[in-house]
Amino acid sequence: MTTASGTQEVATEPSRAEARNGFDEINILWISEGMSCDGDSVSLTAAGQPAIEDLIQGLVPGLPKVNLHNKVLSPSLGGEDFLAPYRAAIRGELAPFILVIEGSIPNQNIIQGEGYWTSFGNDPGTGQPLTLNWWIDRLAPKAWAVVAAGTCATYGGIHAMAGNPTGCMGLADYLGWDFKSEGALPIVNVPGCPIQPENFMETLIWVLYHAAGAAPAPPLDHMLRPQWLFGKTVHEGCDRAAYYEQADFSKDYNSPKCQVKVGCWGPVVNCNVPKRGWMAGIGGCPNVGGICIGCTMPGFPDAFMPFMDEPAGGSLSSILIKPYGAVIRRLRGITNIAVNREPKWHHNKPVLTSGYDPHWRP
Ligand code: SF4
Ligand code: SF4
């Protein structure tokens, strides 16, 4: 296009940053009043990539400004001061927000008459406790995204085991597995008892980049877990996997060998903790002597009990691998001795025995 002064004006495409269609600011309304120990909130404080402090101070490039409301990490005076943003969100006066639920959801319908299993603040009119279910029913339909933090919130966890009196369940059981948030996202499940800090932070960061319009929705598997975090088994990332392959099993918890015969469920559990470690890459259940009890799994804990007994599949697979492991361990032992020797031409005698041939050949 030519301007009045005769100069040529070049039509420019908006930059990627300008073309974004997302939020500049977002709230996180975190409710830990599910049936839980608050361990997920505590675990989150161990995240370092980034740290929660970096997130709320706006030090992560490209993210919206984040206003975090979490009772363990809140600078408020508590009480109604802390509840104010939650009440505002219900009135439709605070948006957008991400709803994070921590803890198992009791089935309030099984309580006949008065009573409640867990509550969060009181009804100002009656002074009666407001149940967790009351808050979820009102906040989830307005939330831009809904995230379940920890195995209790994702799949019910310990509170939902057989024989429990509360009818506890995971958030997707409560809201429906086909639930979609205001932002058209399914529930995002981050299991773990508690959450591995970086797993949760990485997922939250992905959701926040999506909110900023800078990333697609996080890819989830059929149990609504982040695919890239829960796609492999504990065994596939375990420091002790080579012992398993050589059928070298520990008989007690003091041994550095594979722990399958003392109760490890790692071969069939989806979790990246042995690869990732726990804090700053250190720790990670089997790596440091703890058997995997399947704490990230939808069947936890019932499917993995009694803890510390050898899994049925573990005894079969360890029997099958025994002959292969015994032979391969012996052969590797022989080769290991051979490669632990220096070559015979490494010596200080006055003659060269390396096989060097000084004659040039065409
Ligand atoms: S300790 Fe558990 S996860 Fe590690 S190699 Fe043995 S069975 Fe697999
Ligand atoms: S390795 Fe097993 S016990 Fe440890 S966090 Fe993962 S699933 Fe839970």
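I looked up cysteine 37 first: it counts as partly exposed because it has 16 C-beta neighbours inside 10 Å. The cut-offs I used are these: a residue is buried if 20 or more other C-beta atoms lie within 10 Å of its own, exposed if 12 or fewer, and partly exposed in between, with C-beta atoms placed from the backbone.

The model is predicted, so local features need pLDDT of at least 70 and side-chain atom pairs count only at pLDDT 80 or more, while totals for chains, interfaces and linings use all residues. Residues are numbered from 1 along each chain as its sequence is written, and chains are lettered from A and ligands numbered from 1 in the order in which they are written.

I then placed cysteine 37 in the fold: it sits in the loop between strand E1 (25-31) and helix H2 (39-44). Its C-alpha atom is 9.6 Å from that of cysteine 152, which is 115 residues apart from it along the chain.

Next I took the whole chain. I found 12 helices and seven strands (DSSP runs numbered from the N terminus, helices being H or I of at least four residues and strands E of at least two). The C-alpha trace spans about 95 × 85 × 35 Å along its principal axes. Buried residues are 35% of the 362.

Last, I checked ligand 1. Which residues come nearest to ligand 1? Of the 14 around it (C-beta atom, placed from the backbone, within 6 Å), they are His235, Cys238, Cys258, Cys264 and Gly266.
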